[in-house]
Amino acid sequence: MRKQALLSVSDKTGIVDFARGLVEAGYHILSTGGTAKLLAKEGIEVEEVAHYTGFPEMLDGRVKTLNPKIHAGILARRPSEEHMAALAAHGIDPIDIVCVNLYPFEQTVARPDCTLEDAIENIDIGGPTMIRAAAKNCESVAVVVDPADYDDVLEEIRATGGVEPATRFALAKKVFAHTARYDGMITNYLTSLDEENHPGKFPEVLTRQWEKVQDLRYGENPHQSGAFYREVHVAPGLLAGYEQLQGKELSYNNIADSDAAWECVRSFEAPACVIIKHANPCGVAVAENCEAAYAKAFLTDSKSAFGGIIAFNGPVTLGCAEKVSHQFAEVIIAPEFEPAALELFSKKKNLRLLKIARGRAHNDFDFKRVGGGILVQSPDIQLATAEQLRCVTEKQPTQAQIIDLLFAWNVARFVKSNTIVYARDGMTLGVGAGQMSRVDSARIAAIKAEEGGLSLVGSVAASDAFFPFRDGLDVVVDAGCTAVIQPGGSIRDQEVIDAANERGIAMVFTGERHFRH
């Protein structure tokens with residue numbers, strides 16, 4: 001009984017070499033449509049599925065592999081005498097390898113001009129049926145859906161004469177994850193359509209898929225278990241695409257804090273440094289280079305910086321590494337490390353170094369788990385510009401103050417509410433985070449500045465949400481603040497504006513808030 005492989009792929013990457021290797025190993029190749037034409041053009045002997053089944057492709061290619069001769073050959077259990085006798089009675093050879101990838105539904109619906117008809121036509125039927133059948137019968141059949149697996153499968157066939165059981169099972173698991181993601185994409189798209197078949201932001205049924213990167217030693221606390229998953233396809237610039245250059249395995253809290261640090265630092269165009277502790281920035285600065293930015297960021301709260309996460313949006317030079325090496329850090333993140341900096345850091349064996357490519361991609365959704373459900377929202381990536389600011393006081397901010405106000409406002413996006421951020425000359429001077437009272441956040445931020453020996457005289461302040469009363473404003477002005485940025489929108493806005501005029505400071509409204517819970 002001859003060995004057979006069925007090859008039918010949308011993504012032709014590597015398929016010619018894979019088919020040639022299978023032929024050399026003694027496999028008879030069955031194929032369809034474009035795949036069969038490509039293989040024949042490359043001089044590979046191939047039999048069209050229509051010829052093999054004796055039934056032509058029909059309905060514009062919708063029916064070609066949906067045939068008992070194909071599926072019996074895939075599903076027959078080799079150890080079953082009854083199954084094998086049935087194949088023999090009907091003149092069917094077993095199919096030992098199924099190599100299929102599916103119609104490009106994801107790429108199709110990503111096109112701005114995609115119509116519902118386009119989407120429907122790119123829902124694969126025969127492909128999922130074949131690979132699910134092969135995966136179900138993985139005790140006898142090897143199924144390959146990822147071109148990255150071609151070389152390993154061929155190498156094993158050459159070494160052992162076939163595909164080993166453990167490999168077949170691993171490939172089968174990959175299939176069910178693949179079809180689950182494929183069906184999930186279809187569900188997300190179709191259930192997002194409105195009455196005019198235009199896709200909306202939030203589907204009625206939301207299906208997502210992540211793959212496990214690693215089990216963690218524990219979760220947020222030692223008595224909790226944890227694991228790290230990432231999306232199957234990570235867009236450039238997102239934390240989950242990191243490359244760890246050295247150090248211990250990342251912990252649950254390391255990953256969460258690293259994401260907070262990276263998201264904040266990559267939001268700045270100028271060279272920047274962000275130091276994170278317990279998911280809050282304790283020091284942020286921009287400067288002419290990353291080394292200078294670190295020096296300024298560290299000044300904000302050197303005590304809290306101990307054991308923190310440090311992120312840069314530019315290359316870490318030897319000079320920068322020398323400065324950073326004087327403090328204890330858990331993780332250092334950058335898009336690039338100079339060789340001399342890596343050599344210096346290598347002396348700290350436990351220090352984790354993460355290299356992340358810069359990019360403008362953002363998560364499409366933010367999730368928060370609640371009992372029995374999840375909250376889903378679009379990410380908070382809105383950032384005010386100078387043109388959007390509305391001055392509501394008699395005193396106008398200077399150009400230098402506007403630059404600092406926008407800097408402080410950006411930092412406030414990444415601080416747990418209630419948030420007050422003092423800043424001047426492109427650096428944070430004090431950060432008040434996570435308090436139930438905005439007044440307390442303002443006081444804590446001032447205390448942090450005092451402890452760091454930093455004067456707040458002439459500083460600016462950002463508040464992530466409106467001041468509900470004038471007391472919060474009075475605290476920041478008493479501390480030395482001369483300009484404030486806040487969303488506005490309180491029923492007592494006029495009271496706060498009057499207070500700002502009384503105290504002789506400038507205040508601008510953004511019209512947007514940045515709660516971070």
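The structure is a predicted model, in which local features need pLDDT of at least 70 and side-chain atom pairs count only at pLDDT 80 or more, while totals for chains, interfaces and linings use all residues. Residues are numbered from 1 along each chain as its sequence is written, and side-chain values use heavy atoms, with hydrogens and water left out.

**Overall form**

- The protein chain has 19 helices and 21 strands; these are DSSP runs numbered from the N terminus, with helices being H or I of at least four residues and strands E of at least two.
- The radius of gyration of the protein chain is 30 Å, whereas a compact globule of 517 residues would have one near 24 Å. This quantity is taken over C-alpha atoms, and the globule rule is 2.2 Å times the number of residues to the power 0.38.
- Along the principal axes, the C-alpha atoms of the protein chain fill a box of roughly 95 × 60 × 45 Å.
- Of the 517 residues, 48% count as buried, meaning under 20% relative accessible area with a 1.4 Å probe, protein chains only (exposed is over 50%, and partly exposed lies in between).
- Among contacts (heavy atoms within 4.5 Å) with a separation of 6 or more, 56% join residues 24 or more positions apart.

**Helices α8 and α10**

- The axes of α8 (residues 126–136) and α10 (residues 165–190) come within 9 Å and cross at roughly 145 degrees. Such axes are lines fitted to C-alpha atoms over the stretch in contact, and angles run from 0 to 180 degrees between N-to-C directions.
- In this contact, Ile131, Arg132, Ala135 and Lys136 of α8 meet Ala172, Val175, Phe176, His178 and Thr179 of α10.

**Helix α1**

- In α1 (residues 15–24), the buried residues are Ile15, Val16, Phe18, Ala19, Gly21 and Leu22.
- The elements covering these buried residues include β1 (3–8), β2 (27–31), α2 (33–41), β4 (97–100), β5 (142–144) and α9 (150–160).
- After α1 comes Gly26, which has a positive phi near 95 degrees.

**Residue Gly226**

- Gly226 is found in strand β7 (residues 226–231).
- Gly226 counts as buried because its relative accessibility is 18%.
- Leaving aside residues up to four places away in sequence, Gly226 touches Asp215, Leu216, Tyr218 and Gly219.
- Gly226 and Glu48 are 178 residues apart along the chain, and their C-alpha atoms are separated by 49 Å.
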